[in-house]
Amino acid sequence: MTAHQNFIAGAWIPAAQGATFERRNPADQSDRIGVFPASAAEDAARAVTAVEAGRQEWATAGAEARMRVLERAADIIEERAGDLAVELTREEGKTIASATTEWRRSAANLRLYAGEAVRTRGETFPVDGSLVHTRREPVGVVLAITPWNFPISIPSRKISPALAVGNGVIFKPSEVAPLTGQRFVEILLEAGVPAGAIALLQGRGADLGEALVTSPEVKAITFTGSYPTGCLIHRLAGPDKRLQLEMGGKNPCIVLGDADPVRAGEIIARGAFALTGQACTATSRAIVVGDLYDEVVGEVVKQAAAVRLGNGLDPDVTMGPLATKTQHEKVLGMVDIGKGEGLTLAFDGDDTGGGEPGGFFVGPKVFVDVPDDSLLAQEEIFGPVVCLQRAESYEAAVETANSVEYGLAASIVTKDFARALDFAKDIEAGIVKVNSATGGVALSAPFGGIKHSSNQTYKEQAGHGVMDFYTTVKTVYLAS
Ligand code: ADP
């Protein structure tokens, strides 16, 4: 089995202490992906020093040169998307179709931000007697800490803009998807990012996170992960660093009485079961107003029954396993809690995954008549589990939807556009969808939550605004 390494100061090297961890396929524990360095504080310090020392070549390369490098990286991904997707499916578990889409999306991210390299600019201001203008400069060393559920599209939407404007990058992928992270760095280097401008550090966040986050040379931290980890990073980082923290969700879909129940059921099921429910924008609660409830439940159950659970490499499989043993135990534990609370399961999908050996499979689960105060209605589950709830009115549905700590995505199914616009105003969420699933967002539209879902400083993917996070603005007064 291949032993993989960190990339620091232009060289592929093991962790200083030689420690390693292994990753296996969550659909088939006999399929070993590789062994990776279990980095610690010493490795983090080396990476920070290396990128701080090495980033100048990239910063001074010129915007057009950086644009061409990022475009070349996108070309490489497109050429190899098939092989890259197979590795991603083996490593993380998602279906081969989702893995292919994700790599292609990452190529698109690279192209989007390649363009921003040459579009990022300052402004001039009409001031008598002076030429007053702003210049944008790279912040310096950017730290990207990323999760496993989108192990390439999330890193690519953070690292591409960071590089586009000439920052150095330290990339700490999730320990659950280390190979995908490594492939991204290999491709960036092959495309022409100078070796000194990027470091890859594999390992568990708990072992090296503090050393990275507290390092004075790290000027900006872009993080996607859980709320507790985000809180920890916020506390450790201190006042001098830029922070972009995107965290969990407990996303609702409200169905109004004028909706087509079949369409509503499809939208709920797509939001709940896509990516095995492991998206921070997944639909976790569906709140149905009026008399449609039974019909909507029937449609969600029909969709759940149509899911084909198994190894994502099989092209007929529509839902892969959960990514880790911990997630598997957590999700099944929450299902047990729901059952223990006396909740009714309208559909309890088979958990065997078509007989795959040792896979972390959980079939789709549809809980009905879930009260607001149930644990399942309040806590993020991150699995293919959806809770259906009844509401007397639009107002009651919104109150239920807003009763959780998170505020990432929310959707409504209705033909009444006036109501839909009320919803956009009334709902506590950073992403509002009308007549489409909570999950699935545009490439270039601002992304980010409110409440516990985000620290709400800088949106991701925010068009020109995205460079606010990755650049420092200086105001220059020029008098003759
Ligand atoms: P998840 O449960 O989705 O894995 P985490 O918040 O645990 O969410 O992980 C998201 C990312 O944060 C991963 O790359 C992980 O290694 C990293 N991480 C975990 N703990 C820490 C920490 N204490 N400091 C910095 N990064 C961390």
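This is a predicted model: local features need pLDDT of at least 70, side-chain atom pairs count only at pLDDT 80 or more; totals for chains, interfaces and linings use all residues.
Helices and strands are taken as DSSP runs and are numbered from the N terminus.

The largest pocket has a volume of about 1,300 Å³. Its lining comprises 48 residues, of which Trp148, Glu175, Gly225, Ser226 and Thr229 are the closest to the pocket centre. At least two lining residues are supplied by each of the strands β3 (20–25) and β10 (218–224) and by each of the helices α7 (205–213), α8 (227–237) and α11 (325–340). In terms of residue class, 20 nonpolar, 16 polar and 12 charged residues make up the lining of the largest pocket. Because domain 1 (6–247 + 454–479) and domain 2 (251–434) both contribute to this lining, the largest pocket lies between them.

The second largest pocket has a volume of about 570 Å³. It is lined by 24 residues, and those closest to its centre are Phe150, Leu275, Gly439, Gly440 and Val441. Two or more lining residues come from each of α4 (96–119), α5 (153–164) and α9 (261–273). Among the contributing elements, α4 gives the most to the lining of the second largest pocket, with 5 residues. The class composition of this lining is 10 nonpolar, 9 polar and 5 charged residues. Domain 1 and domain 2 both give residues to the lining of the second largest pocket, which is therefore also placed between them.

Methods: Residues are numbered from 1 along each chain as its sequence is written. Side-chain values use heavy atoms; hydrogens and water are left out. On a 1 Å grid over the protein atoms alone, a cavity is a set of points where a 1.4 Å probe fits but cannot get out, and a pocket is an open set with protein on both sides within 12 Å along at least five of seven lines; lining residues have an atom within 4 Å of a point. Grid points are joined across faces, edges and corners, and a volume is the space filled by probe spheres set on the points. Helices (H or I, at least four residues) and strands (E, at least two) are DSSP runs, numbered from the N terminus. Ala, Val, Leu, Ile, Met, Phe, Trp, Tyr, Cys and Pro count as nonpolar, Asp, Glu, Lys and Arg as charged, and the others, Gly among them, as polar. Domain bounds come from an automatic or database domain assignment.
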